[in-house]
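Subject: Structure for you to look at, with notes

Dear colleague,

Here is the structure I said I would pass on, and my notes follow below it. Please keep it open while you read.

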Amino acid sequence: MNKLYWLDQIKLQDRAKVGDKAFYLSKIIQRGYPVMPGFVVSAEILRQFLENLNSSESLVADLPHSSLHLDVTNWRQLQQVASRLRQEILSATVTQEWVSPIFQAAKEWQTSCLILRPSLTVSTATPGINNNISGLLESVFCQCEPEAIALALKRTWSQIFRARSLLYWQHLGINLQQINLAVLVQPVGNAIASGSLTTNSSGWEIEATWGLGIAIAQGEVQPDVYYIQPETGVVLEQQLGNKMLAYGVDDAAPKVFSQPLPNSALTPDHTCLITYLLPEAQQKQYSLQEEYLQQIIALGTQLVSELGKTFTIKWTIAEQPTSGKLYITQVSPSQSISHTHFIRGLGAAGGRVVATALVIINSQQKPEQLPKGVILVVPTITPDWLPLLQQVAGIITEQGGLTSHAAILARELGITAVVNATSATTLIQTGERLLLDGDRGEVYRIKGDSKEEMERGREENLLSSHYPNPKASHPAVTSHLPMIATQLLVNLSQSTLIEQVQNLPVDGVGLLRSELMVLNILNGQHPNSWILSGRQAELLELWSEQIMQFARAFAPRPVFYRSLDWRSQDLPSLRDSLESSPQSMLGERGTFSCLRNPAVFELELKALASVQEAGYTNVNLLLPFVRTVEEFVFCRRKVEQAFLTEVAQFQLWMMAEVPSVLFLLPEYVKAGVAGISIGTNDLTQLLLGVDREQGQLAKVFNERHPAVMGAIAQLIQMARSAGIPCSICGQAPALYPEIIDKLVEWGITSISVEPEAVERTYQAIARAEQRIILAAARRKLH
């Protein structure tokens, strides 16, 4: 094996061999800055590895010389190719000639855990491309053991063949010969805190969390944030995050985590990482002591002279016997796009997108259509905007919280979104070029409209684009996932997403939102209008076909169809002219509307019966917003009259979202409820008296509030006592994955989330179940 490149010895001519990430770290470590030590496995090793792959696959035979010409618009082909290539790499052997020097070098650090960071450069004339690929590949953790190192190397290398990566290379005309992927190897120890420092001329921002920074990278915590004035280093503002868990690397909890916790466990992929649930008192503390905060600010001030005014570093406070030591772990010099953050809201749907703004001042004046690929800026969004949203690249609303309609629709459709962005329609003008960051909840105005600037914006979009989950596209990809006992379901409403979602590792559809599904067929009219105009048969056929698409795609897995749950003010374009009475905040929602307007409910039931008659027995009915037992009994009789219950597999469930269910569940069970699904959005707003559409009350609207968590625990326990299943389909598990530990511990039978949250929810369930198994094993031992 060629020599390893140590960070403190890398030279300018080594840049292509070690990649940009390692090269930038080497520059500052050689100037005396506190960089975590490390060495690089050069890009040449990957090239040799690919050349030596011994495979009968014709697809693999030409590596690394293949240009991999693919039809990237055919996502199924894209994912199948990605899956086969990655499996070939993961099943190949890394020679001891390569592994042994890495292992021997890493042993000098006397650590049990290593991190392998992809360090990538691309040989291309496209300006700024290497600055835009830092988030394309992820770091890999492993034990400091030969076999674990070999596997971690293969996992790191294989990422250049992920569907997302292949899509990126293809769009930019990059072939494998232009890709130089080196691997930076560094030690990992317990950390007091970790995070990042991002600087520009208008202000600095520090993010921090307890333990290792992977908790931020995986979106499992909301970090503490500090806003710093660059000239003086003064802290202008600080915001306490939400940090329920932290990561360490060995069985002894870091001292800062108080006592070792019994519910820590190995993460599902069996790396060296340990997850700790933090005591409640520590969750309410800032993770950076003043001493360390000032050290980071001072370090940033020094680095300005080395890197300029705009850069990002990642740092960690490594635990030492007596105190902590600040290390830099990553450096990213000036950003590729010149922009200024000028609006902050709530990040409702993740991703980053660059596009032109389209401002609509009045939400009531909904246009007939929208230009494709714009960032829509509007005061608020109601569900009847759904058909228009298919065209947009991003959404900014002035109103709304994380469970508002705009947020829910954006997450399901995979559209980057920021809500509660005050005065957005005033501050933004139609035609402005924006960068929308849905992860940070920020809007940036891009300076300049040069060809180079536009090209960089195109790269930003490719890097952040939403694409079908590669883990779910092919059996070979999902085979490494740990088994889970808790059912994982998906929330859906759009038939256009079926092909993308049906192969995700889910057990069915836990929430089919009918009110959003039928918007695609109603043509802006209320169902009543169709019935009164004699078009009932036409609507029934369209409605049946919509439901049947989901039944067909997921069979034999269950689909829980939730009947219509509209508030009139949510659908201004669909308000029935017959409804002239003033509407309350809640409106005639759920089963109460079935009593007031049984004709529409009966049509829904006929559509479900048509699906059964077509031979699909996997569709169940979920009744929304049930206020009283009498409402449920009325609906159950309608269901029986439609002969739905004659199919043995059919189940009639109800949403548990009105607080009265906490007192009436035994009566509902006697009346025939076969299962419940907890709707955390409405349950939270009704328990706390907070309108979920009001973003300014986001801190109050909190599904983790003790009252809400207590209600959820009570519902799960009552369902267990009654012998019926209990699911949860609100936004809480997706927004706050840390509560999944409690849900699994209490005995939830299934969790249903948006498609974008499936992967992280699967891993969170696996971790929670392993903790329970580990705790039980420890009790048995002791």
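Let me begin with Thr-275, which counts as buried because its relative accessibility is 0%; buried here means under 20% relative accessible area, exposed means over 50%, and partly exposed is what lies in between, with a 1.4 Å probe and protein chains only. Thr-275 belongs to strand E12 (residues 274–277), where helices (H or I, at least four residues) and strands (E, at least two) are DSSP runs numbered from the N terminus. Although Thr-275 and Ala-215 are 60 residues apart in sequence, their C-alpha atoms are 9.3 Å apart in space.

Before going further, please note that this is a predicted model, in which local features need pLDDT of at least 70 and side-chain atom pairs count only at pLDDT 80 or more, whereas totals for chains, interfaces and linings use all residues. Residues are numbered from 1 along each chain as its sequence is written, and side-chain values use heavy atoms, with hydrogens and water left out.

The chain as a whole

The chain holds 29 helices and 30 strands, and 57% of its 782 residues count as buried. Its accessible surface comes to about 31300 Å², with 50% of that belonging to carbon and sulfur atoms; these areas come from the Shrake-Rupley method with a 1.4 Å probe, and for residues only the protein chains shown count as cover. Of the contacts between residues at least 6 apart in sequence, 69% join residues at least 24 apart, a contact being heavy atoms within 4.5 Å.

In soluble globular proteins, nonpolar side chains tend to be buried together. The largest nonpolar core in this model has 115 residues, and Leu-389, Trp-543, Leu-621 and Ile-676 have the most contacts inside it; such a core is a set of buried Ala, Val, Leu, Ile, Met, Phe, Trp, Tyr and Cys residues joined through side-chain atoms within 4.5 Å. A second, separate core has 49 residues, including Leu-4, Phe-49, Leu-114 and Phe-161. Once its neighbours within four places in sequence are set aside, Leu-621 has among its contacts Tyr-561, Phe-601, Leu-605, Val-639, Phe-650 and Trp-653.

Trp-543 is one of the buried residues of helix H20, among which are also Leu-539, Ile-547, Met-548 and Phe-550. Helix H20 (residues 536–554) has 19 residues and reaches 28 Å from its first C-alpha to its last, close to the expected 27 Å, the expected span being 1.5 Å times one less than the number of residues.

Backbone points to check

Most residues other than glycine have a negative phi, and most peptide bonds are trans. Gln-110 has a positive phi, near 55°, and sits in the loop between helix H5 (96–107) and strand E3 (113–122), where it is exposed with a relative accessible area of 77%. Phe-643 likewise has a positive phi, of about 65°, and is exposed, with a relative accessible area of 52%, in the loop between helix H23 (629–641) and strand E27 (652–656).

An open sheet

Strands of a sheet pair through backbone hydrogen bonds, either parallel or antiparallel. Five strands form an open sheet in the order E1-E2-E5-E3-E4, with antiparallel pairing, and two strands are taken to pair if DSSP finds at least two bridges between them. Strand E1 (5–6) and strand E4 (140–143) stand at the edges with a single partner strand each, so one side of each has no neighbour in the sheet.

Strand E5 (residues 179–187) pairs with E3 over nine bridges, with Ser-119 bridged to Ala-182 and Ile-115 opposite Gln-186. Strand E2 (residues 39–41) is joined to E5 by three bridges, and there Val-41 has Val-183 as its bridge partner. Nine of the nine residues of E5 are buried, so this strand is largely enclosed by the rest of the structure. Ile-179, Leu-181, Val-183, Val-185 and Pro-187 point one way from E5, while Asn-180, Ala-182, Leu-184 and Gln-186 point the other way.

With best wishes
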